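Keep the viewer open and follow the residue names as they come.

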Amino acid sequence: MDKVKGTFKEVSAAIFPITIVVILLQVTLIRLPLELFLQFIIGVLFVSLGFFLFLLGVHAGLLPVGEMIGKKLPKTKKTWLIIGVGLLLGFAVTIAEPDVRVLSEQIDDVSSGAIPSWILILSVAIGLSLFVGLAMARTVYSIPIHYLLAGCYTLLFILAAFVPQAFIPISFDAGGVTTGPMAVPFILALGVGVASVLKSGSSSSSDGFGLIGLASVGPIIALMVLGVIFG
């Protein structure tokens with residue numbers, strides 16, 4: 001019951017403020033047609049219900065499973081398996097991420113089909129999965145995260161010099177949408193689970209984090225590479 005109440009508070013905090021702002025703008029400035037405004041209210045109700053059920057499922061099933069997998073993997077003492085599972089789960093969770101699908105469909109519409117949505121989804125998924133695998137390797141081999149981030153962003157800025165201008169904002173948006181309600185909880189739970197077994201002491205918590213910061217660079221680089229190819 002506490003989990004249900006906590007999830008309800010999360011959804012309310014996420015949706016209620018923007019709803020109030022839109023209602024105030026409707027009353028004072030915008031004055032949309034009544035039919036369109038009612039569609040917005042109904043949409044808010046459906047989004048709230050769907051988001052509530054989604055987060056409830058994430059907290060009840062996805063997080064415990066991710067952490068359990070993370071704790072079981074190191075016990076196999078097979079580095080390739082830890083990294084391989086990170087690659088596989090990173091790919092799968094990105095394909096399932098609703099934010100990625102929304103972005104890909106919008107870009108498909110704006111580009112009039114020049115950039116198919118399935119190519120964008122696949123590129124983002126590959127980029128994220130590779131960097132989740134890299135994050136797993138960082139935890140296993142105790143590589144300082146600032147070295148990896150410095151190298152990744154150096155590569156990113158080099159690629160930006162060769163990418164068509166239209167792809168640069170798309171690439172950074174792709175890095176943002178991968179930090180959605182599906183990918184973040186699962187990747188964090190996986191990372192914390194692996195770190196808690198491989199590490200001991202105060203460093204275990206910090207080694208479990210930083211995964212999202214590192215993993216979100218992957219889709220940016222992947223779409224920049226795609227931009228070079230399309231360009």
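Which helices each supply at least two residues of the lining of the second largest pocket? They are α1, α2 and α4 (98-110). Before going further, some ground rules. This is a predicted model, in which local features need pLDDT of at least 70 and side-chain atom pairs count only at pLDDT 80 or more, while totals for chains, interfaces and linings use all residues. Residues are numbered from 1 along each chain as its sequence is written, and side-chain values use heavy atoms, with hydrogens and water left out.

Start with the overall fold. The protein has eleven helices and zero strands. Here helices (H or I, at least four residues) and strands (E, at least two) are DSSP runs, numbered from the N terminus. Along the sequence the pattern reads α-α-α-α-α-α-α-α-α-α-α. The C-alpha trace spans about 60 × 55 × 25 Å along its principal axes. Of the 231 residues, 39% are buried. Buried means under 20% relative accessible area, exposed means over 50%, and partly exposed lies in between (1.4 Å probe, protein chains only).

Now the pockets. Rolling a probe the size of a water molecule over the atoms shows where empty space is left. The search runs on a 1 Å grid over the protein atoms alone. A pocket is an open set of points where a 1.4 Å probe fits, with protein on both sides within 12 Å along at least five of seven lines, and lining residues have an atom within 4 Å of a point. Grid points are joined across faces, edges and corners, and a volume is the space filled by probe spheres set on the points.

The largest pocket holds about 230 Å³ of space. Its lining consists of Phe 8, Val 11, Ser 12, Ile 15, Phe 16, Thr 19, Ile 41, Val 44, Leu 45, Ser 48 and Phe 52. Two elements give two or more residues to this lining, α1 (2-30) and α2 (34-72). The largest share, six residues, comes from α1. By class, the lining has eight nonpolar, three polar and no charged residues. For this count Ala, Val, Leu, Ile, Met, Phe, Trp, Tyr, Cys and Pro are nonpolar, Asp, Glu, Lys and Arg are charged, and the others, Gly among them, are polar.

Return to the second largest pocket. Its volume is about 190 Å³. Ala 14, Ile 15, Ile 18, Val 47, Gly 50, Phe 51, Phe 54, Pro 98, Asp 99 and Pro 181 line this pocket. Here the largest share, four residues, comes from α2. The class count is eight nonpolar, one polar and one charged.

Next, the surface. Ile 18, named in the second pocket's lining, also belongs to a nonpolar patch of about 610 Å². Patches are made of residues with over 30% relative accessible area and no salt bridge, with nonpolar side chains (Val, Leu, Ile, Met, Phe, Trp, Tyr) joined within 5 Å. Areas come from the Shrake-Rupley method with a 1.4 Å probe. Helix α1 gives the most to the patch, with five residues.

Move on to Arg 31, in the loop between α1 and α2. Its phi is near 55°, a positive value in a residue other than glycine. Arg 31 is exposed, at 58% relative accessibility. Ser 142 also has phi near 55°. This serine lies in the loop between α5 (117-141) and α6 (145-160). Ser 142 is partly exposed, at 45%.

What about charge pairing? Side chains of opposite charge can pair when their charged atoms come close. The structure holds one salt bridge, defined as a side-chain nitrogen of Lys or Arg within 4 Å of a carboxyl oxygen of Asp or Glu. Glu 67 and Lys 71 form it, with the closest N and O atoms 3.7 Å apart. The two are four residues apart in helix α2, so about one helical turn separates them. Glu 67 is partly exposed at 30%, and Lys 71 is partly exposed at 36%.

Finish at Ala 183, in helix α8 (residues 183-198). Ala 183 is buried, at 1% relative accessibility. Its C-alpha atom is 9.5 Å from that of Ile 95, a residue 88 positions away along the chain.

Conventions: Patches are made of residues with over 30% relative accessible area and no salt bridge: like charges are joined within 9 Å, nonpolar side chains (Val, Leu, Ile, Met, Phe, Trp, Tyr) within 5 Å.
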